[in-house]
Amino acid sequence: MIRILHFSDVHVDTLLSAVPARDWLGKRLVGGLNHLLRRRARFGRSREKLTALAAFADAEAVDHAICTGDYTMLGTEVELAAALAAVEPLTRRPLGFATVAGNHDLYVPDTVAEGRFEKHFAKWLGDDLPDVTAGSGGISVQLAGAAGEVAVVAVTSARPNPLVWRSSGRVPDAQLEARGRVLDHPSVHERFTLVITHYAPRLWNGRPDSKLHGLENADALLDVLGGRERTALLFGHVHRRYAVRAAGVRPMLLGAGSATDEGREGAWLLDLERGGGRATPLAWRFDRWERDATAPVVDLD
């Protein structure tokens, strides 16, 4: 049995006065004003909540942790460095740490052009099956557990959105085309498989997100998963923790929500083995993390 912590959308609060002037062009200026006027109050305790989450992980003997992106607000070097320092205790799991970038981490094209996210989080973006994922357009695989219990398959869905009114995502076609090959490889197929990405293919009510905020090719992603057994899809982006099944799709969809958004905090604690497991909802209570007794434990198969 392997215990895994899934959290997301931590948006570590950072003093934006330290951001260089060259980074304040276009959408980032609008986003910065939005953060100062609306969002900063919601994430002012982000570091405190992450410190408490790391303490919870230590106390609960968490073996592996997964963050599905949105470490920052604007994807600047200053924010990425601060976010890395804040989540570093959570990365010290005995069996590793896996992550993907969120849309806020790739906020505008300069972040991608300069490889900012990769530079800061390179240590946790490795691939245990490079020969299998070659030509996949960016899919990576982590194999966790001495007994071959879990495979974590990271899929890109975030991208820069220079237009102020758009924050949608898309899984690259090359990754969709290679997904079946990667998931069917014996080293992955024989394990319980966690597919991780940033964008939610479905909301808590089973419906797609809006065109301007959601995953453009969500149906194509779900078609690849289809009737796969011993699989779950983990994501963030929507600041609400929930579990839902999509019509015609066997794997459970687990949205972690945001671990730090005031009044909306959430995360998942997964106990997995090859044949399945369970996902226990977590909640923030005043000054600590605990199992959420008001929400059901989710069976995974």
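Glu-290 forms a salt bridge with Arg-288, with 3.4 Å between the closest N and O atoms; a salt bridge is defined as a side-chain nitrogen of Lys or Arg within 4 Å of a carboxyl oxygen of Asp or Glu. Salt bridges with shared partners join Arg-241, Arg-285, Asp-287, Arg-288, Glu-290 and Asp-292 into one network. The model is predicted, and local features require pLDDT of at least 70, side-chain atom pairs pLDDT 80 or more, whereas totals for chains, interfaces and linings use all residues. Residues are numbered from 1 along each chain as its sequence is written, and side-chain values use heavy atoms, with hydrogens and water left out.

Relative accessible area was classed as buried (under 20%), exposed (over 50%) or partly exposed (in between), with a 1.4 Å probe and protein chains only. Glu-290 is partly exposed at 24%, and Arg-288 is partly exposed at 44%.

Within the network, the side chains of Arg-241 and Asp-292 meet in a salt bridge of 3.1 Å, N to O. This pair links distant parts of the chain, 51 residues apart: Arg-241 lies in the loop between strand 7 (231-235) and strand 8 (242-244), and Asp-292 in the loop between strand 12 (288-291) and strand 13 (298-300). Helices (H or I, at least four residues) and strands (E, at least two) are DSSP runs numbered from the N terminus. Arg-241 is buried at 19% relative accessibility, as is Asp-292 at 9%.

By the salt-bridge rule, the count comes to 25. Another pair is Glu-77 and Lys-119, at 2.8 Å, N to O. Glu-77 is partly exposed at 22%, whereas Lys-119 is exposed at 54%.
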